[in-house]
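Please keep the sequence and the model at hand while reading.

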Amino acid sequence: MAGKRPTMQLRTLAGVKRPPATTGPLKCSGPVKGRRVQAEEAETAAATSQHRAEEKVTVAVDSDLLQCCVCSGSLTPPIFQCTKGHISCSTCCTDCTDYDDVDEFECLMCREPETATRCRAMERLLAGLSVACPFREHGCAEMIPYADRQAHKASCAHAPCYCPIAGCAGYAGQSSLRDHVLQDHAVQRTRVRPGNLTPLRMHASEPARVLWLDCGGEFLLTVGDGVPSGRSLSIVGFMDTYDEELKYKIEVVGKAGVLSLWSQIEGVQRLRKPYQASAFLYVPNAIWDSSPGDIPVFIEIK
């Protein structure tokens, strides 16, 4: 049985009739009459504006109705409609970008050329629509203009954040990555001296380690398991704890030799998308799981 189509909760302004004009003769004249008329007009305009602000309705709209017939993407002005009723976005209707001088285009939905014109009614409808923030369940109560929803989604402080620690589903809210790691993960902390290799002695099942410098700065060493037959070791910096460009070195000592990586530390405040290290040290499982005790991992930050 097919599922229900998604709907959007929208708000729009209802039509408002202007209050009837005052009838009957005015007893004042001259400058007094002019001021009286201006005052009445200003009062009428204020009442109309307030009435419009109060007359909002909430409706449920099938999201398919707000999509382009060709690419199924969201409709944004300019919008076009052909003689067969296909409504499309500007990209799918024409390659022309001069919308002000030309008002007719070719519809790409039709098998035969059909003239498409600007659909001003749909443009006006979208301009008056507001949608709830998609992260309302995480605390955002804003109603967003339909055309601005993608920009708001990318910058909303209540958007769920990702965590680079393997197995973590992420978190919602305005906490920084550092606060999340320290509050929600039982990770060890190790002091690292700047410019010196520091042994960590990590356990094979340890997913991460917090590193801190005497001179300031905290960092997260992550042990990823998303690479074939091995581990990926990388370091991210908690951006709110240091303000300079730093590099790091990771060394893993195995029976067959030493694996090593030099890279720039990437500072992170919050992760808005899944973590992907720009560089990492690949350690095969044959080396990572070969030690009966702790894995000899060395870190240098400078």
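Among contacts in the chain between residues at least 6 apart in sequence, what percentage join residues at least 24 apart? The value is 52%. The model is a predicted one, and what follows describes it from the overall make-up down to individual residues.

**Overall make-up**

The chain holds 302 residues, 35% of them buried. Its secondary structure consists of six helices and 18 strands. About 18200 Å² of the chain is accessible surface, and carbon and sulfur atoms account for 50% of that area.

Strand S3 covers residues 79–82 and strand S4 covers residues 87–89; the two pair in the antiparallel sense over three bridges. Within this pairing, Gln 81 has Ile 87 of S4 as its bridge partner. S3 and S4 form a hairpin, with four residues lying between them. Gly 85, in the turn, has a positive phi of about 95°.

S3 is also joined to S6, again by three bridges and with the strands running antiparallel. The loop between strand S5 (104–106) and strand S6 (115–118) contains Leu 108. Together with Val 70 and Met 109, Leu 108 makes a nonpolar surface patch of about 240 Å².

**The nonpolar cores**

The largest nonpolar core has 24 residues, and Leu 233 and Val 297 touch the most other members of it. Six strands each supply at least two residues of this core: S11 (208–213), S12 (218–224), S13 (230–238), S14 (247–254), S17 (281–284) and S18 (297–301). A second, separate core is made of 15 residues, including Leu 66, Cys 68, Cys 119 and Ile 144.

Which residues does Leu 233 touch, not counting residues up to four places away in sequence? Among them are Leu 221, Thr 222 and Val 223, as well as Ile 250, Val 252 and Leu 261. Leu 233 also touches Phe 280, Leu 281, Val 283, Trp 288 and Val 297.

**Val 236**

Val 236 is placed in strand S13. Its relative accessibility is 1%, so Val 236 counts as buried. Leaving aside neighbours within four places in sequence, Val 236 is in contact with Phe 219, Leu 220, Ile 265, Glu 266, Val 268 and Tyr 275. The C-alpha atoms of Val 236 and Gly 267 are 5.9 Å from each other, although these residues stand 31 residues apart along the chain.

**Salt bridges**

Side chains of opposite charge can pair when their charged atoms come close. The chain has a count of nine salt bridges.

| Pair | N to O distance |
|---|---|
| Arg 118 and Glu 123 | 2.8 Å |
| Glu 218 and Arg 178 | 2.4 Å |
| Glu 218 and Arg 189 | 2.6 Å |

Glu 218 takes part in salt bridges with Arg 178 and with Arg 189. The pair with Arg 178 links distant parts of the chain, since Glu 218 belongs to strand S12 and Arg 178 to helix H5 (residues 177–184), 40 residues apart. The pair with Arg 189 likewise links distant parts of the chain: Arg 189 lies in strand S9 (residues 189–192), 29 residues apart from Glu 218 in strand S12. Through salt bridges that share partners, Arg 178, Asp 179, Arg 189 and Glu 218 are joined into one network.

The relative accessible areas of these residues fall in two classes. Glu 218, at 9%, is buried. Arg 178, at 23%, is partly exposed, and Arg 189, at 43%, is partly exposed as well. Under 20% counts as buried and over 50% as exposed, with partly exposed in between; the value of 9% therefore places Glu 218 in the buried class.

Technical notes: Residues are numbered from 1 along each chain as its sequence is written. This is a predicted model: local features need pLDDT of at least 70, side-chain atom pairs count only at pLDDT 80 or more; totals for chains, interfaces and linings use all residues. Side-chain values use heavy atoms; hydrogens and water are left out. Patches are made of residues with over 30% relative accessible area and no salt bridge: like charges are joined within 9 Å, nonpolar side chains (Val, Leu, Ile, Met, Phe, Trp, Tyr) within 5 Å. Accessible areas come from the Shrake-Rupley method with a 1.4 Å probe; for residues, only the protein chains shown count as cover. A salt bridge is a side-chain nitrogen of Lys or Arg within 4 Å of a carboxyl oxygen of Asp or Glu. Two strands pair if DSSP finds at least two bridges between them. A nonpolar core is a set of buried Ala, Val, Leu, Ile, Met, Phe, Trp, Tyr and Cys residues joined through side-chain atoms within 4.5 Å. Buried means under 20% relative accessible area, exposed over 50%, partly exposed in between (1.4 Å probe, protein chains only). Contact means heavy atoms within 4.5 Å.
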